[in-house]
Amino acid sequence: MYSDEIIDGVGGMSRFQITIMLLIMVPKGMIAWGMLMMSFAGVFPDKWWCTDVVGENVGINNYTGLEKCPVAGNESSCTFMYSQEKDTVINEWNLLCDMEGIKPLITAVQMTGVLLGAFISGQSADVIGRKKTYYISLLLHALFNLVAAFSTSWQMFIALRFCIGLMVGSFLVVSFTYTMEFIGTRWRPIIAAIPFWPVGSALLSLTCWLRPNWSDLHIILAAIQVPFLFGYLVVPESLRWLAVHGKLEEAEKVVDQMARYNKREKPANTAILLKKLSEEERRGSDSDRKYSYLDIYRGWSMFRKSIVHQVIWLLVSFVYYGISFGVGRLTGNLYVNMFLVSVISLPSEVAVFFLNNRIGRRWTGFSFFVLATCGAFGVVIATRVDMSESIRGVATTTLALICRLGASSAWSCYLVFTSESYPTVIRNLGYGGANIASRLGGIVSPYVFAMGGDDLLPPFVIVGSAMVVCTLLSLLTRETKGAPLADTTVEASVKTEPADAEITNSKDIKLDEKICS
């Protein structure tokens with residue numbers, strides 16, 4: 001609350017905030033590369049054969065679709081041959097036939113790394129600060145990608161994908177809250193509305209098309225992150241984090257920097273507000289203690305809030321990454337489908353921003369969950385309706401994209417919603433807890449989307465059911481539209497919530513009652 005007053009006083013969304021947002025959030029598009037790399041690198045070649053089965057004379061020119069595995073007991077005598085239109089880890093280490101299970105394992109291990117990275121980052125960002133955690137994550141992400149490009153075995157590659165996952169999870173947790181804590185109340189939803197992630201994943205599909213080689217893609221990803229590491233010299237530590245941790249002189253220097261960039265006068269009572277914020281935290285006996293994940297479950301209201309948000313994140317992640325990693329199963333050109341899966345959410349990102357401010361976070365999320373549910377069960381119906389295979393393929397791909405659109409849009413809404421639901425001192429932990437839950441969904445997703453062979457019915461029945469659960473749970477969340485961010489656990493315990501019936505088109509929102517959280 002006090003920090004919101006300071007930030008709005010020096011400009012809630014001006015030159016400083018725009019600069020910070022670009023320096024911190026643009027690399028999120030590159031992190032999307034790291035996360036989604038296996039959507040290309042794990043694709044099976046269009047054509048392959050084993051010389052032990054079909055003979056040495058079979059080549060690309062007389063290929064007739066003979067994807068047959070070697071006879072049991074003769075695996076050592078088989079030499080796999082592949083068409084040359086793309087180079088993935090599948091043909092790099094012959095991950096076919098009895099080795100086919102390695103592909104989902106690589107993705108699952110990566111997502112396990114993302115889970116652990118989210119856990120570590122949530123704690124680290126609240127203990128050593130947002131800035132150090134952010135730049136360590138970005139640096140190591142680049143280094144691990146560079147080393148992964150020179151993997152000599154699938155075992156080495158899977159270990160490095162785990163390390164890459166650690167840094168992806170760490171980055172995703174800290175980057176959002178780090179940026180949000182520099183921005184005024186009214187403009188917070190814009191962080192989720194600007195499509196850094198979809199643009200990054202769309203560029204990945206373009207780069208895969210231009211350079212379809214898994215090793216080269218890792219090298220390119222490592223190289224394009226280097227310029228953003230120099231942002232360490234410009235981007236300050238979070239004002240909120242400094243103030244809450246009693247670093248008042250450093251916090252005031254950040255306010256000076258913000259005022260200078262924005263060409264605004266620093267509020268005359270800045271030092272007083274920062275001192276009040278620090279003292280209030282101390283009065284709550286929180287300033288000298290180290291927070292842990294247990295704090296986001298203390299008290300029934302906080303426990304209920306955390307469980308609802310975490311289950312939603314888990315299920316949305318399952319759907320989002322399941323469709324992303326399973327894009328190779330959709331009908332049509334791989335690169336076009338990768339591109340469509342990415343850009344389908346671009347217009348909705350803008351819609352999320354306006355809907356968040358118009359109807360609130362809860363109803364925005366609810367609406368997109370309904371859309372995702374309709375898309376998922378639409379795929380189920382399309383797989384069983386009597387129609388030509390070409391029409392069925394177009395219908396299932398289109399409906400799967402609609403499901404992905406609804407899930408990604410709802411997730412964009414909850415990026416803001418979840419962060420706003422916690423006070424500053426445990427915000428990163430709350431957001432990190434939700435991220436941890438989402439990674440559990442990501443770990444399971446590659447296995448579920450491998451079910452049924454070419455039949456999309458089994459995975460999309462599960463997807464549709466997951467979206468129904470999210471739709472119902474979204475009704476249990478508490479609206480945060482227009483409410484100031486709580487800085488301390490003391491503020492959070494008397495947090496006021498806007499009454500839905502009083503939300504209007506104006507900027508002012510009537511607060512009907514105080515709700516003890």
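This briefing covers the nonpolar core, the salt bridges, the aromatic rings and one threonine of the structure above. The model is predicted, so local features need pLDDT of at least 70 and side-chain atom pairs count only at pLDDT 80 or more, while totals for chains, interfaces and linings use all residues. Residues are numbered from 1 along each chain as its sequence is written, and side-chain values use heavy atoms, with hydrogens and water left out. A search of the whole structure finds seven salt bridges and 23 aromatic pairs.

**Nonpolar core**

- A nonpolar core is a set of buried Ala, Val, Leu, Ile, Met, Phe, Trp, Tyr and Cys residues joined through side-chain atoms within 4.5 Å.
- Buried means under 20% relative accessible area, exposed means over 50%, and partly exposed lies in between (1.4 Å probe, protein chains only).
- The largest nonpolar core has 139 residues, and those that touch the most other members are Met-35, Val-89, Trp-197, Leu-239, Val-319, Tyr-321 and Phe-460.
- Helix α9 (residues 154–180) supplies the largest share of this core, 13 residues.
- Helices (H or I, at least four residues) and strands (E, at least two) are DSSP runs, numbered from the N terminus.
- Leaving aside residues up to four places away in sequence, Val-89 touches Met-38, Ala-41, Gly-42, Leu-95, Ile-106, Phe-157 and Trp-214; a contact means heavy atoms within 4.5 Å.

**Salt bridges**

- A salt bridge is a side-chain nitrogen of Lys or Arg within 4 Å of a carboxyl oxygen of Asp or Glu.
- Asp-126, Arg-130, Glu-181 and Arg-427 are linked in a network of salt bridges.
- Arg-130 counts as buried at 0% relative accessibility, and Asp-126 counts as buried at 6%.
- Arg-130 also forms a salt bridge with Glu-181, the closest N and O atoms being 2.7 Å apart.
- Glu-181 lies in the loop between α9 and α10 (190–193) and Arg-130 in helix α8 (residues 130–148), so this pair ties together parts that are 51 residues apart in sequence.
- Glu-181 is buried, with a relative accessible area of 0%.
- Another salt bridge joins the side chains of Glu-420 and Arg-361 (2.7 Å, N to O).
- This pair links distant parts of the chain, with Glu-420 in helix α20 (residues 389–420) and Arg-361 in helix α19 (residues 361–384), 59 residues apart.
- Glu-420 is buried at a relative accessible area of 3%, and Arg-361 is buried at 2%.

**Aromatic rings**

- A pair of aromatic rings is described by the distance of the centres and the angle of the planes.
- Rings of Phe, Tyr and Trp (its six-membered ring) pair if their centres lie within 6.5 Å; planes under 30 degrees apart count as stacked, over 60 as edge-to-face and the rest as tilted.
- Among the 23 aromatic pairs, Trp-363 and Phe-366 are edge-to-face, with 5.4 Å centre to centre and 80 degrees between the planes.
- Trp-363 and Phe-366 are separated by about one helical turn, because they are three residues apart in helix α19.
- Trp-363 is partly exposed, with a relative accessible area of 36%, and Phe-366 is partly exposed at 22%.
- Phe-369 and Tyr-414 form a tilted pair, 5.9 Å centre to centre and 45 degrees between the planes.
- That pair links distant parts of the chain, Phe-369 in helix α19 and Tyr-414 in helix α20, 45 residues apart.
- Both Phe-369 and Tyr-414 are buried.
- One aromatic cluster is formed by Phe-16, Tyr-134, Tyr-135, Phe-171, Tyr-178, Phe-182, Tyr-232 and Tyr-261.

**Charges over rings**

- A charge sits over a ring if NZ of Lys or CZ of Arg is within 6 Å of the ring centre and within 35 degrees of the ring normal.
- Lys-305 lies over the face of Tyr-422, at 5.5 Å from the ring centre.
- Arg-404 lies over the face of Tyr-320, at 3.9 Å from the ring centre.

**Thr-397**

- Thr-397 has its place in helix α20 and counts as buried at 9% relative accessibility.
- The side chain of Thr-397 reaches the backbone oxygen of Gly-393 at 2.9 Å.
- Thr-397 touches Leu-330, Thr-331 and Asn-337, not counting residues up to four places away in sequence.
- Thr-397 and Gly-332 are 65 residues apart along the chain, and their C-alpha atoms are separated by 8.4 Å.

Key. Polar contact = N/O pair within 3.5 Å; in protein donor to acceptor, adjacent residues only side chain to side chain.
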